[in-house]
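Student: I have a new model to look at. How should I read it?
Tutor: Let us go through it feature by feature.

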Amino acid sequence: GKRPEKFRIPADAFLLLSGVFLVYKFGITVRLNKPLSDFYYIVSIPLILAVAEIIELICEKIKLVPLAFIGAITFEIYALQMIFGYDIETWLLKISGNKIIAFSGVTVILIILSYAFYSLKKLVLYSNKKLRSVFK
């Protein structure tokens, strides 16, 4: 993000460590049944933010086109996965009967949908001057 460089790495490290701790402590499905039931995605937000920020930091230092592409659509992937991921995976698992095929299919579908949403968002923001000034 737009943070001073000297705070960026410590903040990302803190987010990563706290995210790993939260997912380990509360994010395992068995543990979620009692204290937090359906809050896996809420608990994993610090980890997702940290990973997205670290990908962005890596892409600023090293030009990796596939990583930059995934980094650009990370939040769209996360949002769509929260909303549709389970349903798509269940559907693909029912059709294929294979967990690897279902996982791969969900990944491809979410990347395609995320890129479509990302492109639509860019198109809308860049075509509207008022929105463009709000989201700078």
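Student: Which helix gives the most to the lining of the second largest pocket?
Tutor: To read a lining, ask which elements supply its residues. Here α6 leads, with seven residues. Keep in mind that this is a predicted model. Three helices each supply at least two lining residues: α4 (45–61), α6 (74–96) and α7 (99–127).

Student: What volume does the second largest pocket have?
Tutor: About 520 Å³. The lining comprises 17 residues. Closest to the pocket centre are Ile77, Gln81, Phe103, Val106 and Leu110.

Student: How do the lining residues divide into nonpolar, polar and charged?
Tutor: Sort the residues by type, then count. Twelve are nonpolar, four are polar and one is charged.

Student: Now the whole chain. How many helices and strands does it have?
Tutor: Eight helices and zero strands. Read along the sequence, the pattern is α-α-α-α-α-α-α-α.

Student: What share of the contacts links residues 24 or more positions apart?
Tutor: Take the contacts in the chain with a separation of 6 or more. Residues 24 or more positions apart account for 56% of them.

Student: What about the surface? How much of it belongs to carbon and sulfur atoms?
Tutor: The accessible surface of the chain is about 10000 Å². Carbon and sulfur atoms hold 73% of that. As for burial, 23% of the 136 residues count as buried.

Student: Is Lys99 buried or exposed?
Tutor: Exposed means over 50%. Lys99 has 66% relative accessibility, so Lys99 counts as exposed. Like Ser114, Lys99 lies in helix α7.

Student: How many residues apart in sequence are Lys99 and Glu89?
Tutor: Compare the sequence gap with the gap in space. Lys99 and Glu89 are ten residues apart in sequence. From C-alpha to C-alpha, the two are 8.7 Å apart.

Student: And where is Glu56 found?
Tutor: In helix α4. With a relative accessible area of 31%, Glu56 is partly exposed. Glu56 and Thr74 are 18 residues apart along the chain, and their C-alpha atoms are separated by 9.9 Å.

Note on methods
Residues are numbered from 1 along each chain as its sequence is written. This is a predicted model: local features need pLDDT of at least 70, side-chain atom pairs count only at pLDDT 80 or more; totals for chains, interfaces and linings use all residues. Side-chain values use heavy atoms; hydrogens and water are left out. Helices (H or I, at least four residues) and strands (E, at least two) are DSSP runs, numbered from the N terminus. Buried means under 20% relative accessible area, exposed over 50%, partly exposed in between (1.4 Å probe, protein chains only). Contact means heavy atoms within 4.5 Å. Accessible areas come from the Shrake-Rupley method with a 1.4 Å probe; for residues, only the protein chains shown count as cover. On a 1 Å grid over the protein atoms alone, a cavity is a set of points where a 1.4 Å probe fits but cannot get out, and a pocket is an open set with protein on both sides within 12 Å along at least five of seven lines; lining residues have an atom within 4 Å of a point. Grid points are joined across faces, edges and corners, and a volume is the space filled by probe spheres set on the points. Ala, Val, Leu, Ile, Met, Phe, Trp, Tyr, Cys and Pro count as nonpolar, Asp, Glu, Lys and Arg as charged, and the others, Gly among them, as polar.
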